[in-house]
Amino acid sequence: MKKTGFITLLIVFSYLFSIAQQQHTFTLGDTAFLLDGKPLQMISGEIHYPRVPRECWRDRMKMAKAMGLNTIGTYVFWNVHEPEKGHYDFSGNNDIAAFVKMAKEEGLWVVLRPSPYVCAEWEFGGYPYWLQEIKGLKVRSKEPQYLEAYRNYIMAVGKQLSPLLVTHGGNILMVQIENEYGSYADDKDYLDINRKLFIEAGFDGLLYTCDPKAAIKNGHLPGLLPAINGVDDPIQVKQLINENHGGKGPYYIAEWYPAWFDWWGTKHHTVPYQEYLGKLDSVLAAGISINMYMFHGGTTRGFMNGANANDSDPYEPQISSYDYDAPLDEAGNATEKFMQFRNVIARHLPAGTTLPDVPAKRPVITIPEIHLPKTSSIFALLPKPVASTTPRTFEDLGQAYGWVMYSTTLKGGKKGLLQLKELRDYCIVMVNGERVGVLDRRSKRDSILLELPAGKVKLDLLVENLGRINFGPYLLSNRKGITEKVLFDKQELKGWQQYRLPFDKLPATTVKATGSGQHAPVYRQGTFTLEQTGDTWLDMSKWGKGAVWINGHHLGRYWQVGPQQTIYVPAEWLKKGTNEIVVIELIKPEMETLSGIDHPILDILHPEAL
């Protein structure tokens with residue numbers, strides 16, 4: 001290449017790079033957000049990157065564009081990025097920077113919510129479990145140990161994302177500090193510490209808070225924009241923000257709920273789109289910016305679902321499906337709600353704007369019958385135990401999620417009441433390797449009458465973490481396992497062996513169980529062959545309770561109490577040829593086959609199991 005041609009090429013590349021890195025200003029006008037001095041109405045939808053396979057991120061963003069969105073909102077999840085203290089993970093599905101950059105490639109702005117408390121029907125509201133092991137630490141407070149952990153985390157997040165602010169040439173328009181804090185407390189000094197930490201982490205652009213109507217006064221930090229959650233009457237939105245922002249806007253509904261989430265043992269929540277068309281139309285007509293929570297819910301994979309609990313309602317762990325009855329369904333397909341919202345949004349776009357065509361529905365497949373012939377009792381998978389006089393919690397054992405087996409021996413030949421004090425959350429009770437009952441925190445069922453056989457009796461208690469509380473007064477009461485003691489016939493049982501079963505990784509091999517009963521939980525393995533791939537839903541409606549992995553991907557939980565009776569499998573996690581499947585089944589060990597169907601089932605099919 002001639003020297004002049006090379007120089008010309010360098011100039012072209014330099015120009016293109018400068019365009020790509022163009023910096024903008026994003027500021028608050030009295031009534032509107034101003035991008036480079038011109039009004040910008042954000043029409044946003046919430047998508048959570050951990051709830052969508054990375055391979056599907058771009059498809060979901062294209063769907064957002066097709067509905068007329070110009071912005072994506074997302075939380076940043078502390079327990080995803082720092083699962084153990086000081087160990088950070090921003091790779092694979094946790095690569096939030098890649099998610100933001102991809103949104104830019106698709107012509108979408110981003111509103112970032114690294115709060116660090118997120119709620120979001122997510123385990124512990126996004127907090128990592130290990131915070132509870134630091135004596136005296138109190139989340140959402142000025143307690144020094146919490147602030148130190150918080151600062152370390154937000155600095156790590158800042159390294160990933162602060163270069164992507166719109167003022168630095170990226171596409172992050174603004175960043176939220178804390179999250180609905182006014183529903184929790186009203187410490188303005190704590191909120192100001194949040195603000196300073198975010199700025200120190202490099203988030204030197206536009207910051208804001210968000211709260212529901214009743215909490216906006218408590219949760220707002222003077223000097224920042226107060227956004228509103230759960231209100232969609234334009235007059236009321238403007239009044240609430242004006243009252244807390246010096247009589248002016250701009251106006252932003254940070255969470256607008258066109259539907260709702262589900263928890264185990266309740267009917268699937270749906271809300272007709274007709275109830276929302278007029279509200280969406282009036283909000284957009286008033287020039288108010290809006291973020292739909294959720295635009296696309298996706299799936300809460302693994303053990304990352306949260307739970308609700310308060311003094312009037314029972315413990316309510318959420319299901320793995322985060323379908324949410326959102327405009328984009330769990331598999332990423334447009335619903336009728338999507339199409340109707342698209343029609344409303346189109347009426348409020350700048351003149352001459354043409355929306356992209358709606359992408360076609362994703363291909364689906366059925367799998368007639370999948371066999372899982374390889375079977376191991378849960379007892380065959382037990383690792384080296386941890387001994388203690390009294391039961392130890394998950395946190396004491398350094399375990400975040402999954403199951404712990406608590407084992408002890410006692411003298412038999414008598415009848416008595418077995419009681420677990422403060423069970424968190426679900427327990428399979430086994431005597432001499434046979435299941436004899438189930439205890440369940442949801443129904444406050446913490447005891448069972450046992451008639452022990454003569455001789456030395458082995459008692460095993462397999463306890464599952466069903467999800468730490470993500471909202472409400474018990475956010476600080478989230479330890480898992482047997483959190484106090486075990487009584488039999490009013491006497492405390494001591495001398496425990498604890499076996500950790502986190503299932504963060506699957507066992508490399510399994511062996512046929514020996515010396516275990518026919519009614520103990522099992523670990524089943526199988527394979528199936530595909531000639532073509534596509535989305536499918538594993539039909540678990542005849543199974544009992546457990547979790548499923550395909551090709552190493554933890555798909556989530558199933559439970560006969562419903563409403564979730566199927567588990568969504570994205571096509572991207574299947575392959576032509578041989579696929580591997582693993583199921584842990586707790587209460588129906590005899591089950592050996594299942595199938596893949598072409599639609600989800602979200603219904604209460606087994607009311608007797610409640």
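1. On charge, this predicted model carries 65 positive and 67 negative side chains in the protein chain, and the centres of the two sets lie 4 Å apart.

2. As to overall form, the protein chain contains ten helices and 35 strands. Its radius of gyration is 26 Å, close to the 25 Å that the globule rule gives for 610 residues, so the chain is as compact as a globular protein of that length. The C-alpha trace spans about 85 × 60 × 60 Å along its principal axes.

3. Among contacts between residues at least 6 apart in sequence, 80% join residues at least 24 apart.

4. Some backbone geometry deserves a separate reading, since most residues other than glycine have a negative phi, and most peptide bonds are trans. Ser115 and Pro116 are joined by a cis peptide bond with omega about 10°, and Pro116 sits in the loop between β6 (109–113) and α5 (144–161). The bond from Gly249 to Pro250 is also cis, with omega near 0°, and Pro250 belongs to the loop between α8 (234–244) and β10 (252–256).

5. The loop between β6 and α5 also holds Cys119 and Ala120. Cys119, a residue other than glycine, has a positive phi near 65°, while Ala120, likewise not a glycine, has a positive phi of about 60°. With the cut-off for burial set at under 20% relative accessible area, Cys119 counts as buried because its relative accessibility is 10%, and Ala120 is buried at 3%.

Key: Residues numbered from 1 in each chain as written. Predicted model: local features only at pLDDT ≥ 70, side-chain atom pairs only at ≥ 80, totals over all residues. Heavy atoms only, no water. Helix = DSSP H or I, 4+ residues; strand = E, 2+ residues; numbered from the N terminus. Rg over C-alpha atoms; globule rule 2.2 N^0.38 Å. Contact = heavy atoms within 4.5 Å. Lys, Arg positive; Asp, Glu negative; His and termini not counted. Charge placed at Lys NZ, Arg CZ, Asp CG, Glu CD. Buried < 20%, exposed > 50% of the residue type's maximum accessible area, 1.4 Å probe, protein only.
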